[in-house]
Amino acid sequence: MAAVSLENITKTYDNGKVLAVDNVSFEVKEGELFGLIGPDGAGKTSIFRILTTVLLADKGQATVAGFEVVKDYRSIRSRVGYMPGKFSLYQDLTIKENLEFFATVFGTTIEENYELIKDIYDQIKPFNDRRAGKLSGGMKQKLALCCALIHKPEVLLLDEPTTGVDVVSRKEFWEMLKRLKKQGITILVSTPYMDEANLCERIALIQKGKIMSVDTPGNIINSFPTTLYAAKSADIYQLLNDLRANPEIESCYAFGEFLHVTLKDNQNGGADFLKNIAVSKGHSEILIKTITPGIEDSFIRLMNERPEEVRPGN
Amino acid sequence: MKVLRFILQKEFRQIFRDKTILAMMFVMPTVQLIVMPLAMNFDVKNVNISLVDHDHSTYSQKLISKIASSGYFRIISSDFSFKEALMHIEKEEADLVVEIPSGFERNLVRDGAQKLAVSVDAINGSKASIGGSYLNTVISDFNAGIDINIRNINKTPSGVIDISFRNWFNPMAEYKYYIVPGILVLLLTMIGGFMTALNIVREKEVGTIEQINVTPIKKWEFILGKLIPFWVIGMTVFSIGLVVCFVVYRIVPEGSIALIYLIASVYLIALLGFGLLISTYSDNQVQAMFVAFFFMMIFMLMSGLFTSIDSMPTWARIISNLTPVTHFIKVVRMIVLKGSGFEEVKTELCYILAFAFVLNGWAIWNYRKTN
């Protein structure tokens, strides 16, 4: 049975003027680490709020841990651990007081589920009597995770847990999630960082309230239909313009120090073709190679495949 | 019930942790109760007078010394002409000009009648009218005391009605007895209305309400968890206020203390409901603060704290009756000064009860709707 399932969920704001979630359906299997990947404003938080029963969807059904989000919202609340994107614990209470408070409102104690949070809690335990508002970002995040776990939830909903956290803490956080997954907890996590997608078992790519693809990160990368080239020269901006001007080029965008390029006609020797363009335009220090696409490449490709969607500002 | 206990524990912990707010809640009433009644004194004293004496006679001197010795007036200048004296009023140095015409004594003795000019600066209306009437009293007293009239009384006894009056419930007609209970009410209102509104809105603003909403905490538990601590604090502040009244002003309620507490407790519930209502309509603390402040101003100025409700126009009296503060001030004054019992304050209690029901009901209804 699916731990979380959404069926045709639609949510609009401002009396239907703003479409936040557009007919979204996907399922998270029990014990799965599922990622909801999409840029800011894609509708991730709205989906989380619907699943945590604090927001009503306009249309569609959703269940969490086998319970319907509208009818059985009470049952869901005691079975779900939720960590909002914004730090939402009491800043004027200490670590211990926050934990105790959330333990008691769920009718449990810290000791009862200590095993579950031990790994995480031990790291912040030395600061037990420090107020939550005075903690560093990484520690706040650990505390929030502890509070979300304190009642041994069946499903853990994490809304952008790693946004605004340093690289080391992010890495640590994903390690923690993997350990929690081993304990049988279903985890639904959202993130705007594409590099974190590979750490999930399955991901849903979401853009402008619409799900573009749901699959394992590997499958999404494998389904990239064409060869991807990375190109670089001394004047990278000029190269971008030159390549985009060529009618044979399907897409070309900056990606770190390289340009990622796909060709309309997926022929062999594309690298030489690109090199010729660059040389003819007078570029120096040219480097062209074939690369394996990443999630971000897939995301951008999927995004561009939906020309019917009008982008804001255009 | 167990959950509610933990929520209360958490709320009290948070309140006691914020030292500034805590200090404000207890220092504010004490300081305000001590300072404000002393400053807000409507007894008119120190009316400044400019004198123009064209007569320089025994009688005019007698009149001047009588005015000067009454204690209410301060003679700031003696001028040679009315024009000069009026300059003092224009410069706001004098409130009154008394002009004694030449031949004052002669005409008084010979004709038995004389006119006296009093000019009043009416910018400060209450000071002008009260000062003017004080002066009238002094002059008529002087009039009765001059030799010629004393002699006349023996000749022609006229039918004079002698009025003697007494101030009930406030024998010395001292302003503090009127204003101190009012300020006590005001303080309770500020704490009850402001603190709850701001506290709940803060949870919204910081986002903690988001985390609370996904826990099994029920709405009524959350609301009660917010209201009870402020009810307790409000009652404590009220008690401190009563103690200050006694220690500083020797004001002891004439009526039953239990009755005051009964009504204060109902009143606080009404006000907490008011705070809750504001919080359901505001998204952040600034909004809540402004809305609360708007109503507080109306409450303060229209509740009969400073002015008499009976002298307001009809529409204002209706608004005044629609604010809970009006009724509570009335009741507190009745009990503290008059010693009224339950029978007398029954109607007002019903009003306050109605406010408690309406405000809380509205707030809870609106709170439900938002989620």
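This section describes the chain contact, a helix pair and the nonpolar cores of a predicted model.

In the contact between the chains, 18 residues of chain B meet 20 residues of chain A. On the chain B side, helix H1 (2-17) and helix H9 (208-213) each supply at least two residues. The greatest contribution to this side is that of H1(B), with six residues. By class, the side of chain B that touches chain A consists of six nonpolar, seven polar and five charged residues.

Within chain B, helix H8 (residues 175-206) packs against helix H10 (residues 219-249) with the axes 10 Å apart and at an angle of about 160 degrees. Because angles over 145 degrees count as roughly antiparallel, H8(B) is roughly antiparallel to H10(B). The crossing of the two helices, H8(B) and H10(B), is right-handed. Residues of H8(B) in this contact include B:Leu184, B:Leu188, B:Ile191 and B:Met195, while those of H10(B) include B:Phe230, B:Ile233, B:Val237 and B:Phe238. By class, 14 nonpolar, five polar and two charged residues make up the contact of H8(B) with H10(B).

In soluble globular proteins, nonpolar side chains tend to be buried together. The largest nonpolar core in the model has 78 residues, of which A:Cys146 and A:Ile187 touch the most other members. Helix H5 (residues 137-149) of chain A provides the largest share of this core, seven residues. Leaving aside residues up to four places away in sequence, A:Ile187 touches A:Leu33, A:Phe34, A:Leu156, A:Leu158, A:Leu177, A:Leu180 and A:Lys181. Another core, of 62 residues, lies apart from the largest one and has B:Val244, B:Leu271, B:Ile278 and B:Phe328 among its members.

Terms used. Residues numbered from 1 in each chain as written. Chains lettered and ligands numbered in written order. Predicted model: local features only at pLDDT ≥ 70, side-chain atom pairs only at ≥ 80, totals over all residues. Axes fitted to C-alpha atoms, helices over the stretch in contact; angles between N-to-C directions. Helix = DSSP H or I, 4+ residues; strand = E, 2+ residues; numbered from the N terminus. Parallel < 35°, antiparallel > 145°, perpendicular 65-115°, else oblique. Left-handed = near helix turned anticlockwise from the far one by under 90°. Contact = placed C-beta atoms within 7 Å. Nonpolar A, V, L, I, M, F, W, Y, C, P; charged D, E, K, R; others polar. Core = buried A, V, L, I, M, F, W, Y, C linked by C-beta atoms within 7 Å. Buried ≥ 20, exposed ≤ 12 C-beta atoms within 10 Å, placed from the backbone.
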